[in-house]
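Work through the exercises below with the sequence and the model at hand. Each task is followed by a worked solution.

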Amino acid sequence: MKAIRRFTVRTVLPEPLQPLHELALNLRWSWHPETRELFRSVDPAVWSAVGEDPVRLLGEVPAPRLAALAADRRFLRRLGDLTDDLHEYLSGPRWYQGVPSLQPLPAAIAYFSPEYGIAAALPQYSGGLGILAGDHLKSASDLGVPLIGVGLFYRHGYFRQSLTRDGWQQERYPLLDPDELAVTLLREPDGEPCRVELALPAGRRLVAQIWKAQVGRVPLLLLDSDLDANAAAERDVTDRLYGGGSEHRLLQEMLLGIGGVRAVRAFCRLTGHAEPEVFHTNEGHAGFLGVERIRELVERTDADFGSALEAVRAGTLFTTHTPVPAGIDRFEAELVARHFSGDAALRGVPVDRVLALGVENWRGGDPKLFNMAAMGLRLAQRANGVSTLHGEVSRTMFGALWPGFDSAEVPITSITNGVHAPTWIDPAVVRLGAAELGAEQAEAAISVGAAERWSGLEQIADARIWEVRRELRGQLVEEARRRLRASWRQRGAGDAELGWTGSVLDPEVLTIGFARRVPSYKRLTLMLRDQERLRSLLLHPTRPVQIVVAGKAHPADDGGKRLIQQLVAFADDPAVRHRIVFLPDYDMAMAKHLYPGCDVWLNNPLRPLEACGTSGMKAALNGCLNLSVLDGWWDEWFDGRNGWAIPTAEIPGIDEDQRDEIEAAALYDLIEHQVAARFYEQGPDGLPHRWISMVRHTLVTLGPKVLAGRMVREYVERLYAPAAAAQRELTGPGARQLAEWKARVRQAWPAVRVEHVDAAVAEAAELGTSLALRVQVALGSLAAEDVEVQVVSGAVDERDRIREAELLPLKPVGGADLNGCQRYEGVLELNRTGPFGYTVRVLPAHPLLASPAELGLVALPAPAAGMDAGVLR
């Protein structure tokens, strides 16, 4: 008989054990080994049964056991020490509090993301975006960065995955009970739940309460619409992650952005937390936060829309994670218009101005669609991709927003992602480093990420490294066998059929891992391209390979599900099933066994469609070598000694099938002739010394690079601090003055022209000589201080395109002539040999612009102009 209502009855802890609640409700336990060990010691059997979740543990430990612990002086002493340690962690100064004040740091930063992977016990994530967001919060906590996280609370989280007998993915969505999670309800002083409300069309409303998860020092606010105050449709807005149709998704993103800002304001009002000066949008899903902040300024300060827009832009950062336009949320413009007009309108924010933020008004765009990434970029003065290569891809992909500029000048920088080492590095690897560095130095090294190298690890003996690697591989084998048995039971097999699972995988065999989401570009089944070749690798008589695979396809992606089914069908073959396994329900709990236990981490996306690919970073932290296409982070940090690069067939005109054929063949060759050969090559003492040398080199050189501590420090220094400074500059009349200047420049720009360029060029220009340049520029109604005139020079290709351009500002000479033209002069040094060219351009110039390309305005010489005796006519 099914219950009509479910709730959790919590254990009442004896008074001496009350600090356990505090430890359980701060998610620092998820990356603090000593606190996890304390909870395990409460009741090891229950700890395992509840999935190593402290909140559930405290709800299920028998009362006699709690009574015994309340009288156990040794346990209480450990409890007291760890509670004191948490208090010191939360209140003491950390890296951020000691940063030299070369520029003022923001008092607080609000960080918005649609998903967060903090711990398996708080399933509010689907993949890399959420895991990255969780690692960002945890590292900000370790560094003392005053972040406030904002997201949605999904009652069903993301789906749990299982397989049918024939290997087809099935999804189920367990209902999450907040009483069983490490969250607390944000309440008003009178004890009532704090709520935010959004007006919707036709007089409807969307109400949400706010759950707070404490991630170390960082509060994470999660908005929940599952309330009686909502109608059925609005109640389901936060039902599940990435579910529903267009309007459902739009309401989720409005609640995240608009409701999220209101939740931040409420939290600061109730707790006294500093108000954020910087707002960071992690992907376009939260882009409406800028619209809400414009409304706030219009209402609070009587600013006009343009002034409020400039103030909001100054303090906003947008991070893009997608390398393809198909990964961007786009809505029908009419749908957006309906939700921002009439009785749903935001005061002071005309619907036409909202639509203009997301319009695809570039060649090839669809003006009937509202593009969330375009809005994110238009509302943010600073933007970045998540690896060096992804920054290049993003500048090309979004270049239409800045017409007239080469992609290299599109104002999107890059900060390469990192991973939170205390979460992802296995304790055995930490002990390995601590034995050489000392416990405190090792802890600082993996948290702060300030070192160029993890010097000292070079001294670790080969035998010790190999011992740890074998131990971790053995742990993965045991975990894989357990999970495989459970999966086959779900697929309908009885115990009598599953004897073979006890000998699946071999702790002495080279182990390759592949685990990620399953969109087509990640090419889960590339390894199956030549199945006979793969079988020969798996069953090699002296150098066998075994592969552990995991991953989820989106519930609506039947193509991805077919890929999983193909992989499962191959892995079910009795001839190879002891060498290749597919483990369903990939999540953080599984990942913590996979990354350390694999010898090689495989990644074979279609280049350049992997924005970053942080799974390989987590593996590298544990001494796992990467075998990857040169994409994402691997493109910039592969050095030939930390793994292998899979060659890519990026050939113009080649079709996808041919490309897969070529790259799969290259993958098989690498595994057979380099990877396996190196792994099984042993010295007289039975150790693979050259392999161990690569492991050591990976730890020493990649370890400090892949840290989220390094990443967050870069965000602080390169983006958060400048954004806070810009925000302060535009407080008060600064925003209005900048908005008025921009409006004046845009109106006058059609009259700005390069009229004439003159340069005396010798018949044979020689290295070290110079050109005296004189340029006549028509400025229309603008003044000389409103613009900058530049010479752009450098090597040219066969189409006269300037490469590796250098910029030289020219100086105005005298005043405007009778025709309104201003003369500019300068000297261009010829500092390189070979084909050389130059041009000139005019750009808007203002001290408060973050980039010369910010307005997307540039005046160039007439297209028909050409070079003739040094004169651009």
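**Exercise 1.** State which helix holds Ala233 and whether Ala233 is buried or exposed.

Solution. In this predicted model, Ala233 belongs to helix H8, which covers residues 232-235. Next, take its relative accessibility, which is 52%. Exposed means over 50%, so Ala233 counts as exposed. Finally, compare sequence and space: Ala233 and His248 are 15 residues apart in sequence, and their C-alpha atoms are 8.5 Å apart.

**Exercise 2.** Describe how helix H2 packs against helix H6.

Solution. Two packed helices are described by the angle between their axes and the distance between the axes. For H2 (residues 33-42) and H6 (residues 73-91), the angle is about 150 degrees and the axes are 11 Å apart. Angles over 145 degrees count as roughly antiparallel, so H2 is roughly antiparallel to H6. The two helices cross in a left-handed sense. H2 contributes Glu34, Thr35, Glu37, Leu38, Ser41 and Val42 to the contact, while H6 contributes Phe75, Arg78, Leu79 and Leu82. Sorted by type, the residues of this contact are 5 nonpolar, 2 polar and 3 charged.

**Exercise 3.** Describe the surroundings of Lys618 and report what UniProt lists for this residue.

Solution. Start with the record: an unreviewed UniProt entry lists Lys618 under "modified residue: N6-(pyridoxal phosphate)lysine". Lys618 sits in helix H23, residues 615-621. Its relative accessibility is 3%; buried means under 20%, so Lys618 counts as buried. Leaving aside residues up to four places away in sequence, Lys618 touches Ile131, Asp135, Val419, Trp424 and Tyr595.

Notes. Residues numbered from 1 in each chain as written. Predicted model: local features only at pLDDT ≥ 70, side-chain atom pairs only at ≥ 80, totals over all residues. Heavy atoms only, no water. UniProt positions renumbered as here; feature names shortened; annotations may be inferred. Helix = DSSP H or I, 4+ residues; strand = E, 2+ residues; numbered from the N terminus. Buried < 20%, exposed > 50% of the residue type's maximum accessible area, 1.4 Å probe, protein only. Contact = heavy atoms within 4.5 Å. Axes fitted to C-alpha atoms, helices over the stretch in contact; angles between N-to-C directions. Parallel < 35°, antiparallel > 145°, perpendicular 65-115°, else oblique. Left-handed = near helix turned anticlockwise from the far one by under 90°. Nonpolar A, V, L, I, M, F, W, Y, C, P; charged D, E, K, R; others polar.
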